Amino acid sequence: IFIFSKHFIIPKQKGKLMMLNKYIIFPFLFYILFYLQISNADEISELTEKALKGDGDAQYYLGKHYYKGEIVEQNFAKAFYWIKQSALGGVDDKDKAFKVEDAKGDADAQFRLGKMYALGEGIDGSYALAELWLEKSANSGSTDKQYDLAEYYISGEYLPKDDSKAF
């Protein structure tokens, strides 16, 4: 095993070099891990603050962090809540006259929300609601979302198989 120094490669030997290596590497690793924890906590608190103020992008990214378990512990219920807030775009879904078509939020959030309904992640599964949200997202004009929706209809992956709706 070799250690790369500033000017040349030194063969790693037992003794002084190994001791020196231990006293340099462990504190460095500790510092890096501690720094990452602090910066991750700062990122989550900043995203949460913005999300509470209605920032759709912050709501979506906070939801994604909870969905994937990145930086925070995975929590599908919290992921669903924040992604839905982003998908709604400030529209109140508790109003009895609410329709998915009225939502003005982020197309990526709407698409992920549809997939969460299809898989029952954070909410009871519902193909009907999954289809509404996935179609809402695809109707935003994104050709990627339109293609993905067609793929889901063809494969039956997130929605019941339906070749006529795929085309």
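Predicted model: local features only at pLDDT ≥ 70, side-chain atom pairs only at ≥ 80, totals over all residues.
**Entry 1: lysine 84**
Setting aside neighbours within four places in sequence, I found lysine 84 in contact with Asp93, Leu113 and Tyr117. The residue sits in helix H3. Is lysine 84 buried or exposed? I looked up its relative accessibility, which is 15%; because buried means under 20%, lysine 84 counts as buried. Next I checked what its side chain pairs with: there is a polar contact with the side chain of aspartate 93, at 2.6 Å.

**Entry 2: H3 against H4**
From lysine 84 I moved on to the helix pair. On the H3 side, the residues that meet H4 are Phe76, Ala79, Phe80, Ile83, Lys84, Ser86 and Ala87. Their partners in H4 are Ala109, Gln110, Arg112, Leu113, Met116 and Tyr117. How do the axes run? I noted that those of H3 and H4 come within 8 Å and cross at roughly 140°. That angle makes H3 oblique to H4. I also wrote down the handedness: H3 passes H4 in a left-handed crossing.

**Entry 3: the core**
Leu113 turned up again when I looked at the largest nonpolar core, which has 34 residues. Leu62, Leu113, Trp133 and Leu159 are the ones with the most contacts inside it. Which elements give two or more residues to this core? My list reads helix H1 (16-52), helix H2 (56-68), helix H3 (76-88), helix H4 (107-119), helix H5 (127-138) and helix H6 (143-155).

**Entry 4: leucine 159**
Last, I picked leucine 159 from that core. Not counting residues up to four places away in sequence, leucine 159 touches Tyr127, Ala130, Glu131, Leu134, Leu149, Tyr152 and Tyr153.

Key:
Residues numbered from 1 in each chain as written. Heavy atoms only, no water. Core = buried A, V, L, I, M, F, W, Y, C linked by side-chain atoms within 4.5 Å. Buried < 20%, exposed > 50% of the residue type's maximum accessible area, 1.4 Å probe, protein only. Helix = DSSP H or I, 4+ residues; strand = E, 2+ residues; numbered from the N terminus. Contact = heavy atoms within 4.5 Å. Polar contact = N/O pair within 3.5 Å; in protein donor to acceptor, adjacent residues only side chain to side chain. Axes fitted to C-alpha atoms, helices over the stretch in contact; angles between N-to-C directions. Parallel < 35°, antiparallel > 145°, perpendicular 65-115°, else oblique. Left-handed = near helix turned anticlockwise from the far one by under 90°.
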